[in-house]
Amino acid sequence: MNTFDIILQQVGLFVIYILAGLLLVKTKVLNRETLEPISKFVIKMALPLMVFINITDGTDKKNLYESWPILVIAVGFYICIYAAGAMAVKFFKLQESRVGIYRAMLLFGNIGFIGLPMISSVFPENGILYASVFMLIDQFMLWTLGVKTSPTGEGGFKLKKMINPATVAIVLAIVLKFTGIRIPVLLDTAFSKIGSTASPLAMIYVGGIFAGISLKKYLREISLYGIVLLKMILAPVFLFLILGLFPVSGELRLATSLIVGMPTMTAVVMMANASGLDGDYALGGVFITTISGIITLPAVCWLLQYVL
């Protein structure tokens, strides 16, 4: 099965999981309150364990050493997309309460809920490593540029904000890989099974939060399609072309290009509400980009593989 077919398969699974989340909320099996524990379980346990196991079991020291270009790629991407966001808010003439959150929606993709499961399926040997290294820079940017999405820039950067289950899992897995230390087989199996729940539960959560929003209102919001165009179509294509000028592997080139084209991070909604910004607008952005991703992710993958 080639990369494009795997992407299509993953997107199909994501659609089923999202529909399951919608159905569970509409039938009142779940609600906004019961969705939150699912999100916390995914973020604090399932996702970190999936990352940990995939790095410790699925890569080697050579690939770890060769993954350093991802750090440079990630930093370059965030600088460019931040500048693009500054121009986009002027182009769409957004009101003040939406300016900061629009930039955040452009900056931060759903690497955790969508990117990690998808990239690890497309590139089973090194995909999780690529996405995890990219996530380290993503977390740094989230707690530096991310906290400045409010007009006052309240909150400030604190190093301890970067210490979370996901970053701890990444660093610990890399340390164990370099030192050659192996965890017991029984523990490895348990971690693997818990980690495997991350993808379906994450997308069920996403589907659940979509159940309570007004679809027509956000389908008519033109500015949100600017995020789809800039972040999910143009950014992956330009990055893929630029990386073609440098001595990086074809796999790393395609993986990082797909990573930057992920839909908006769901955490942006919480950031918006905490900063006193338009949380409903942020939720609309997550909805539009996630639904658009069903089309753009396979389409961009096909374009990068067979046209460019």
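## Charge over a ring

A charge is said to sit over a ring if NZ of Lys or CZ of Arg is within 6 Å of the ring centre and within 35 degrees of the ring normal. In this predicted model, the charged end of arginine 253 sits over the ring of phenylalanine 240, at 3.7 Å from its centre.

## Basis of the values

The model is predicted, and local features need pLDDT of at least 70, side-chain atom pairs count only at pLDDT 80 or more, while totals for chains, interfaces and linings use all residues. Residues are numbered from 1 along each chain as its sequence is written, and side-chain values use heavy atoms, with hydrogens and water left out.

## Aromatic pairs

The structure holds nine aromatic pairs, where rings of Phe, Tyr and Trp (its six-membered ring) pair if their centres lie within 6.5 Å, and planes under 30 degrees apart count as stacked, over 60 as edge-to-face and the rest as tilted. Phenylalanine 52 and phenylalanine 191 form an edge-to-face pair, 6.1 Å centre to centre with 80° between the planes. Phenylalanine 52 lies in helix 2 (residues 32–58) and phenylalanine 191 in helix 9 (residues 185–195), so this pair ties together parts that are 139 residues apart in sequence; helices (H or I, at least four residues) are DSSP runs, numbered from the N terminus.

Ring pairs also link Phe77, Tyr78, Phe108 and Phe134 into a cluster.

## Burial

Buried means under 20% relative accessible area, exposed over 50%, and partly exposed in between (1.4 Å probe, protein chains only). Phenylalanine 52 counts as buried at 6% relative accessibility, whereas phenylalanine 191, at 22%, counts as partly exposed. Phenylalanine 77 and tyrosine 78 are both buried.

How values were computed
Helix = DSSP H or I, 4+ residues; strand = E, 2+ residues; numbered from the N terminus.
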